Amino acid sequence: MTADRITPGPVVFGEVLFDCFPDRRVLGGAPFNVAWNLHGLGQAPLFVGAVGDDDNGAEVRRTVSAWGMDMSGLQQDPLHPTGTVQVRIENDEPSYEIVPDQAYDHIAREPALKAVAGREQAILYHGSLALRHHQSRHTLLALREQLRARVFLDVNLRAPWWDVESVHALMHGATWVKLNEQELDALVKDDGEGLESKARHCLERFGLQALIVTRAAEGALVVSREGRMLSRSAPPVDGLVDTVGAGDAFSAVTLMGLMHGWDWEEILDRAAGFAAKVCTLRGATSQEKGFYRW
C-alpha cells in the first residue's frame, strides 16, 4: 500500500534502541518502529530521539541514513548509552527487560524544538516509555506546547516504568489514544461490565476524539467521539514468525489514515492487514522497500 505524500509528516517522539534476542539484535523501540514504517510508506516522518556516543549509536545513524529518514531530530548524548532491551519470546509473545538510564531518557529540549520548526501542523506521536525520565518528559511537553498539534498517544506500559497518574496526565492532553486490552484494564476502573463500557468511559473521561483498543489475535476496536464503535477481527497470518512490532505497524498505518482522512473502517482494515504482514518478519521492520508496497 502506498499513498500520496503529505507534508509535513508526523513528528514521532521517543525511544530508539536495540532489541536483543537470544540469537540476534534488532533495531527497534516502538516510536522508532512507527517512524521507520511511516517512512517506508512514504509519509515523511520526523523522528525525535537520542542515541549514545557509542558503537550502537553509530550503527543507528548509519542504518537511518541508509533508509533515507530525516536525521535532524536524532540527538547524540555523550553521557548515556544507546538504549537496549533484552527480549524473550514465550508462546509466540515477546517479554522485555528494559535497561534504565539510556540516551532516549535524556532527549534535550532545545535541539528538539529546533528540529520540529516548520511542522506546526503535523500530528505528534509519542508513547509512554521514553517519558519515564523527567528530561525526556519535559522535552515532550515543550513539543506539545510549541506544535499545538493533534497528539496520538500510543500507550506502552512496561513494568516498572509507569504509574497510573502519569499516564492519565498524558491521556488528558491527547487527541487519540491507542492501547491494548490489558492496558485499558490497568488504567480505567469502571463499574460497567465489558470492554465497550470501559472504552467509552475512557473516551469520555479524557475528552478523546477516538480510543483504539488492540486485542492481539482478536483484532481491534475503535470508539469515537461521535458515539460509534467499530471492531475488526485480526486477519490470518500466512507464515507467522513472531508478533514483535505488530502493534507499531498498526499504529503507523493508523497515523497514515488520520493524515489522509480515511474513515475508521478503512483505518482498521488497513492497519490490521499491515500488522499481520509484519508478523511474517523476524522483528518489527524491514529494510526492503518493496515490503511497504502491498
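Which residues in α1 meet which residues in α8? Ala-30, Asn-33, Val-34, Asn-37 and Leu-38 in α1 meet Asp-248, Ala-249, Ser-251, Ala-252, Leu-255 and Met-256 in α8, where contact means heavy atoms within 4.5 Å. By class, the residues of this contact of α1 with α8 are seven nonpolar, three polar and one charged. Ala, Val, Leu, Ile, Met, Phe, Trp, Tyr, Cys and Pro count as nonpolar, Asp, Glu, Lys and Arg as charged, and the others, Gly among them, as polar.

This is a predicted model, in which local features need pLDDT of at least 70 and side-chain atom pairs count only at pLDDT 80 or more, while totals for chains, interfaces and linings use all residues. Residues are numbered from 1 along each chain as its sequence is written, and side-chain values use heavy atoms, with hydrogens and water left out. Helices (H or I, at least four residues) and strands (E, at least two) are DSSP runs, numbered from the N terminus.

Helix α1 covers residues 30-40 and helix α8 residues 246-260; the two pack at an angle of about 50°, with their axes 8 Å apart. That makes α1 oblique to α8. Angles under 35 degrees count as roughly parallel, over 145 as roughly antiparallel, 65 to 115 as roughly perpendicular and the rest as oblique. Axes are lines fitted to C-alpha atoms, for helices over the stretch in contact, and angles run from 0 to 180 degrees between N-to-C directions. The crossing of α1 and α8 is right-handed, a term for the near helix being turned clockwise from the far one by less than a right angle.

The next element is the sheet. Nine strands form an open sheet with mixed pairing, in the order β5-β4-β1-β8-β9-β10-β11-β12-β13. At its edges are β5 (74-77) and β13 (229-232), each of which pairs on one side only. From one strand to the next, the twist averages 15°. Two strands pair if DSSP finds at least two bridges between them.

Strand β4 pairs with β1 in the parallel sense over three bridges, and Phe-13 has Val-48 in β4 as its bridge partner. With β5, strand β4 pairs in the parallel sense over four bridges; here the bridge partner of Val-51 is Gln-76 in β5. Seven of the seven residues of β4 are buried, that is, under 20% relative accessible area, with exposed meaning over 50% and partly exposed in between (1.4 Å probe, protein chains only). In a regular strand the side chains alternate between the two faces of the sheet. Both faces of β4 are covered, with Leu-46, Val-48, Ala-50 and Gly-52 buried on one side and Phe-47, Gly-49 and Val-51 buried on the other.

One of the residues involved is Leu-221, whose bridge partner in β13 is Ser-231.

Two helices lie across strands of the sheet. Helix α4 (residues 134-147) lies across β1 (11-13), β4 (46-52), β8 (124-126) and β9 (151-154), and runs at about 160° to β8. Helix α7 (residues 195-206) lies across β11 (210-214), β12 and β13, at about 45° to β12.

Helix α7 also meets α5. Their axes come within 9 Å and cross at roughly 70°, so α5 and α7 are roughly perpendicular to each other. In this contact, His-168, Met-171 and His-172 in α5 meet Cys-202, Arg-205 and Phe-206 in α7. The contact has three nonpolar, two polar and one charged residues. Ala-169 is also in α5 (residues 164-172), and is partly exposed at 46% relative accessibility.

Is Lys-178, at 6% relative accessible area, buried or exposed? Lys-178, in strand β10 (residues 176-180), is buried. Leaving aside neighbours within four places in sequence, Lys-178 is in contact with residues including Phe-152, Asp-154, Ile-212, Phe-250 and Ser-251.

Some loop residues have backbone values to note. The peptide bond from Ala-159 to Pro-160 is cis, with omega near 0°, and Pro-160 lies in the loop between β9 and α5. Asp-101, in the loop between β7 (93-98) and α3 (109-115), has a positive phi near 55° although the residue is not glycine; Asp-101 is partly exposed, with a relative accessible area of 41%. Ala-216, in the loop between β11 and β12, has a positive phi near 55° and counts as exposed at 63% relative accessibility.
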